[in-house]
Amino acid sequence: MASPGYGKRSAPGQRPRTDHDFAHLLPRDAAVAAYIDGLCDGADISVKTLAKTLPYGQCALRTTLNRLQEAGHLRRGSECIATEEALLWVTRTFFSRTGHDDWWNAFIRGDVPQEQARAAQRPTRSRSFILLAALGRNTPALTLSQTDCVTLEPQVTEWFERGATEPEILHALTEGLPARIHHAAALLRRRLHDKLPPVREASPTPRVVLRTLECRECRAPGNAQAMPGGLCTTCRGTTPATPNGPVGAVPDHGVRARMSAVRAGLVPRAERGHR
């Protein structure tokens, strides 16, 4: 799994998975896309991590990820996360089985086209499942099977719904463990039941979606319309379709010459009274 703020983020409202999702890509790109598509949210999909698992080098994988951006399956950007203390901008790598720029524009607005919102979506691992599956990393005695994680998942979800944080849940599950644990799942089930906190009333806050995409070359922020294929206007080597400023405005490169001409036409102060 990636560090907090990084890792794969599955786009919602995707088409159901089929055997031909990435048939339009080159063989290597299709293989990497299928591998990333099968990872859970939060998985590390950096070039270095992928190179440790897949039979490709870092340069080849970097090229492949760029081509996946061109095809509309992958976008890198930033998302503003609201905490109790501040607003924190974190890096996100969004992946979609459905690849087109119009969809990304809707996604960064916090909206999903209706025809895709109705499509079946492959379920991803929940926050509760990931917490349970990671317990064994720091506490080997609490290593759980997939069946155990699925069984205990609703109990952990109830903790989150009552306002509990991940550190609070981890403290309740891992502090003061007995010297010998015979059945980790039974112990955790009991603790989740006995230590269940009361409901915390939280003041409702308006939902504000703050997301932006980044150019894959210069990392400049922008929306999907300004970056087809993940490249901004500058990196594509093209100029904007419409000039900046109102009609008739002086181009940026001509401001200095225009001001010099204006100054040259001014009447000196000493001669103003004679005219």
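A salt bridge here is a side-chain nitrogen of Lys or Arg within 4 Å of a carboxyl oxygen of Asp or Glu. Take Glu 214 and Arg 219: their closest N and O atoms are 2.7 Å apart, so the pair qualifies under that cut-off. Glu 214 counts as buried, at 11% relative accessibility. Arg 219 is partly exposed, at 46%.

Keep in mind that this is a predicted model. The structure holds 9 salt bridges. A second one joins Arg 216 to Glu 70, with the closest N and O atoms 2.8 Å apart. That pair links distant parts of the chain. Arg 216 sits in the loop between strand E4 and strand E5, Glu 70 sits in helix H3, and 146 residues separate them. Arg 216 is buried, at 15% relative accessibility, while Glu 70 is partly exposed, at 46%.

Next, Arg 162 and Glu 158. Their closest N and O atoms are 3.4 Å apart, and they form a salt bridge. Arg 162 is partly exposed, with a relative accessible area of 21%. Glu 158 is partly exposed too, at 32%. There is also a network of salt bridges linking Arg 17, Asp 21, Asp 37 and Arg 97.

Staying with helix H3 for a moment. Gln 58 belongs to this helix, which covers residues 58-70. Gln 58 is partly exposed, with a relative accessible area of 35%. Beyond residues up to four places away in sequence, Gln 58 touches Val 47, Lys 48 and Ala 51. Its C-alpha lies 6.3 Å from that of Lys 48, 10 residues apart in sequence.

Now the nonpolar core. Which residues touch the most other members of the largest one? Out of 19 residues, they are Leu 132, Leu 135, Leu 144, Ile 169, Leu 173 and Leu 188. Helices H6, H8, H9 and H10 each supply at least two residues of this core. H8 gives the most, with 5 residues. Look at Leu 173. Leaving aside neighbours within four places in sequence, Leu 173 contacts Leu 131, Leu 135, Leu 142, Leu 188, Arg 191 and Leu 192. A second, separate core has 17 residues, among them Ala 30, Ile 36, Ile 45 and Leu 68.

On to H10. Ala 184, Ala 185, Leu 188, Arg 191 and Leu 192 are buried in this helix. They cover an arc of only 130 degrees around the axis, so they lie on the same side of H10. Arg 190 and His 193 are exposed on the other side. What covers the buried residues? The cover includes helix H7, H8 and H9.

Aromatics are quick. The whole structure has 1 aromatic pair. Phe 22 and Phe 95 make a tilted pair, 6.3 Å centre to centre, with 50 degrees between the planes. They are 73 residues apart: Phe 22 is in the loop between strand E1 and helix H1, and Phe 95 is in strand E3. Phe 22 is buried, at 8% relative accessible area. Phe 95 is buried as well, at 1%.

Last, confidence. The chain averages a pLDDT of 80, and 75% of the residues score at least 70. Where pLDDT is low, the predicted coordinates should not be read in detail.

Note on methods: Residues are numbered from 1 along each chain as its sequence is written. Side-chain values use heavy atoms; hydrogens and water are left out. A nonpolar core is a set of buried Ala, Val, Leu, Ile, Met, Phe, Trp, Tyr and Cys residues joined through side-chain atoms within 4.5 Å. Buried means under 20% relative accessible area, exposed over 50%, partly exposed in between (1.4 Å probe, protein chains only). Helices (H or I, at least four residues) and strands (E, at least two) are DSSP runs, numbered from the N terminus. Contact means heavy atoms within 4.5 Å. The arc is that of the directions from the helix axis to the C-beta atoms. Rings of Phe, Tyr and Trp (its six-membered ring) pair if their centres lie within 6.5 Å; planes under 30 degrees apart count as stacked, over 60 as edge-to-face and the rest as tilted. pLDDT is the predictor's confidence in each residue, from 0 to 100.
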